[in-house]
Amino acid sequence: MRALLLFLATLLLAAPAAAQLGGGERHIDVRLVGGVDGTKGSLALVMHPHPGWHGYWINPGDAGQPTTALWKLPKGAAAGPLRYPVPDRLLIGGLMNYVYARDYVLLADLTLARPLAPGETLPVTASLRYLACTDKICVPETAEVSATIPAGLPAEVAAARQALPRPLGTPARFAAAGGQIRLGIPLPAAVQIADAYFYPSTDGAIDYAAPQRISRNGDWLIVETKAGPTPAAALEGVLSIGNGQAFAVAAAPGTVPTGGHPLGEAAPARGAVAILLALGGAILGGLLLNVMPCVFPILSLKALSLARSGESPRAARIEGLAYTAGVILVCLALGVALLALRAGGAAVGWAFQLQDPRVALFLLLLIGGLTLNLAGLFELPTFGAGDALAGKSGAAGAFWTGALAAFVATPCTGPFMGAALGAALVLPAAAGLAIFAGLGLGLALPFLALGFIPALRRRLPRPGPWMGTLRRILAVPMALTALWLAWLLWRESGDEALLIGLAALACLAAALWWGGKRGGWLAAAPALAIVAAALVAVPATPQVRAETGGLLAAQPFSEARLAQLRAAKRPVFVYFTADWCLTCKVNEKAVLERGDVAEAFKKRNAAILVGDWTRGNPEIGRFLEAQGRSGVPLYLWYAPGKDAQTLPQILTIGAITGLTA
C-alpha cells in the first residue's frame, strides 16, 4: 500500500513538473539502431537518462514502470519482447527500485522472412512509453524513433548483446515457508563472485526491500530473503555476480540445499576442485566419443594414419603430437566461437556450426574429395602425407586428420560430456576453454597413446601393398558419410541447395582429377571457382522441424504444450534431436521407432514431444540450457506430478519400456 501511494503521488506531480521543465522536454533521450545477419537481427533502443534521472528495469521493484514498445515493421518482419541488461538498485524511503541511472540499451530480437538484398535496408519505427524519475518526481514520457536497419551488426548492438544476462545452464529451485523464501542456484564453485544479488522478474514473489543473505554450499549458491505478498508457482530473475557478469535464472519449486558458508568465506580449493572435475568429465567424454556413431565416418582416415605411424618411433611420436594438436586446436576454436556467441546473447550450443547449411556443404565437398582420394581417382600433395607442408614425414597429414576428426566427430554429445560442457558455459572464459581443450585431448588420446607406447604400435600391421587395397575399401564408409551430408544439406535447405551441392561436388571431382593429372591446381581454377560460388549461393531457408506423427504420434515441442500436458497429469516423453546428430538418428532407428516401444507409450497414454535443433531454434536452445545441456541428444521423461527424469544419451529398449511399466 505504501508503494502504491508513493507511485500515485509521483504521477500526480508529473504534470506540473513537466510544465515547469518546459512541457514536452524529455528526461531520457532515445535512439534506435540495429542490424541484420541473414534472417535474424537485433533492434536496439539506446536510452540516455539526463543527470539525476533514471529509467526502470522489466520489474521496476516497489514503484515504477517498464518500457513498452509498439513496432512498425515491413511485411514479413517481426520483433520479439524487449530484453534488459542488469539494472542498479535504488532504495528510497524503504522502497527498493530497480533502475538505470546511466546509459543502457534495450534489445529486441528481429526476424525477417528473407535476407536483405545487397544495399537493401529495413525501415523500422517504434512508439515508446516509459517512466522517467528522479528521487522526488516521475514523468511519464513517450517517444517515436525511426531508423533504417542495414545488413550486418553494428558494434553498438554487439556490445549490447554482451551486456545481457547469460542463460544459466541448469535449472534452479526455490522453497517458501514461514514468510521466507529460499532460492538454490546451481553455480560451479569455480565461478568467482564479487557482489551477488538476485533481481526477481517474477512480480511480488519476494520482498524487494528486504536484505538478501547469500551463501555457498558446494556448487550451489543459496539466496535467502523475505517472501513477497504473491505466492509464486515459478520464480524467474537475474543473478548478478559483479564485474558486469549476470545469469538468467529460472527456478521451480523443489528442495533447496541448506545454507553454507556466507559469500566470501567458501574454501578457496573448491573452485579448483570443480574445474578439475569438469575437466576430467570432458577428457572422459572425449575419449568415449571415439566409439560413438558420430565418429565412425572418419575412422578410415585414422586407420591410414595409424598404419603410417609404424615407420619409426620418432615418426610415430611426431604424428601423435600433430594429430593431438589438430584435435585440440579445433575444439578450442569451436569453444571460443561458442562462448563468444553466447556472450552476445545467442542461444546456441555444442555443434552449432552444423546448423548452417554452408558448413554442411563445405563438409560435403571435403568428405567427397577425401572419398575420391581414397578411391584412387587422383593423388595431390595437399591430400597426401603433407611432406611439403610439415617438412617431417606425416606430420601435416596427421594434423589435418585430427582437425577433421574434431570438426566432424563432435556434433553429438556423449556420456560425461553434458555436465562438463554445461559447466564450461558458466565458468570463467579461461576455465571454460580448458574444458574444451580437455574434450579434444580425450578425443585424441588413443592416437596419442599409439604414438608414444611402442607395445601398442607393435600390434599394428606393418605398411605394405595391402594399404592400397585398404584405402579403396575405406572409401566406402567415406562415401556413405558424403551421402549423409548431402541428405543433411537437403533437410536444412531443400531441393535447390541439394542440386547446388551435387553440382559443386561434380565440379570439385573434375578439378581434383584434372589437377592430379597435370600436377597442379591452375588448370582446375574454373571448377574451383564454381565450388567457391556454391558456398556463397547455397540458400538458407527457415528451419526444419523433426518428423511428427508417425509411429509415436509425436507432436512438435513447445514449452507451452509441455506445460499443458503436465497440467493434464499425462506422462510426457520429450526428446531433442538434429539431422546432423548421428547418435540421435541411431537412437531413433534402433529404439524409438520400434513397435513395442510405441505400444508401451500408448498403454500409458503418454504424450510424445519432439524438438528439432537441426537449424537452431532459440526456444529449444534456452530449454536445453535450462536442463544444463549444450547440445543434443537429450531425452526427458515426465511422470505425472514429478520433475523431469533425464535418460542416458545412448538409449536401450529396456530403459524406455521400463519408464512405462
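## Pairing and confidence

Two strands are said to pair if DSSP finds at least two bridges between them.

The chain has a mean pLDDT of 80, and 80% of its residues reach 70 or more. Residues 1–23 are a place for caution: pLDDT is below 50 there, although the stretch has 24 contacts in the model beyond near neighbours in sequence. Residues 265–269 also have pLDDT below 50, with 2 contacts beyond near neighbours in sequence. Where pLDDT is low, the predicted coordinates should not be read in detail.

In soluble globular proteins, nonpolar side chains tend to be buried together. In this model, the largest nonpolar core contains 140 residues, and Leu45 and Phe576 have the most contacts inside it. Helix 13, spanning residues 466–518, is the element that gives the most to this core, supplying 14 residues.

Leaving aside residues up to four places away in sequence, its contacts include Val30, Leu32, Ala69, Trp71 and Leu82. Tyr104, Leu106, Leu128 and Val145 are also among the residues Leu45 touches, as is Arg31. Elsewhere, a second, separate core of 19 residues includes Leu552, Val591, Val597 and Trp637.

## Strand 17 and its partners

One of its partners is strand 14 (residues 197–200), which runs antiparallel to it and is joined to it by 4 bridges. To find this pairing in your viewer, look for Tyr199, whose bridge partner in strand 17 is Val238.

Strand 17 also pairs with strand 18 (residues 245–253), again in the antiparallel sense, over 7 bridges. Gly242 stands opposite Gln245 of strand 18. These two strands form a hairpin with 2 residues between them. In that turn, Asn243 has a positive phi of about 55°.

## A buried threonine

Finally, have a look at Thr577, which lies in strand 21 (residues 572–577). Its relative accessible area is 3%, and because the cut-off for buried is under 20%, Thr577 counts as buried. The side chain of Thr577 makes a polar contact of 2.6 Å with the side chain of Glu588.

Conventions:
Residues numbered from 1 in each chain as written. Heavy atoms only, no water. pLDDT = per-residue confidence, 0-100. Contact = heavy atoms within 4.5 Å. Core = buried A, V, L, I, M, F, W, Y, C linked by side-chain atoms within 4.5 Å. Buried < 20%, exposed > 50% of the residue type's maximum accessible area, 1.4 Å probe, protein only. Polar contact = N/O pair within 3.5 Å; in protein donor to acceptor, adjacent residues only side chain to side chain.
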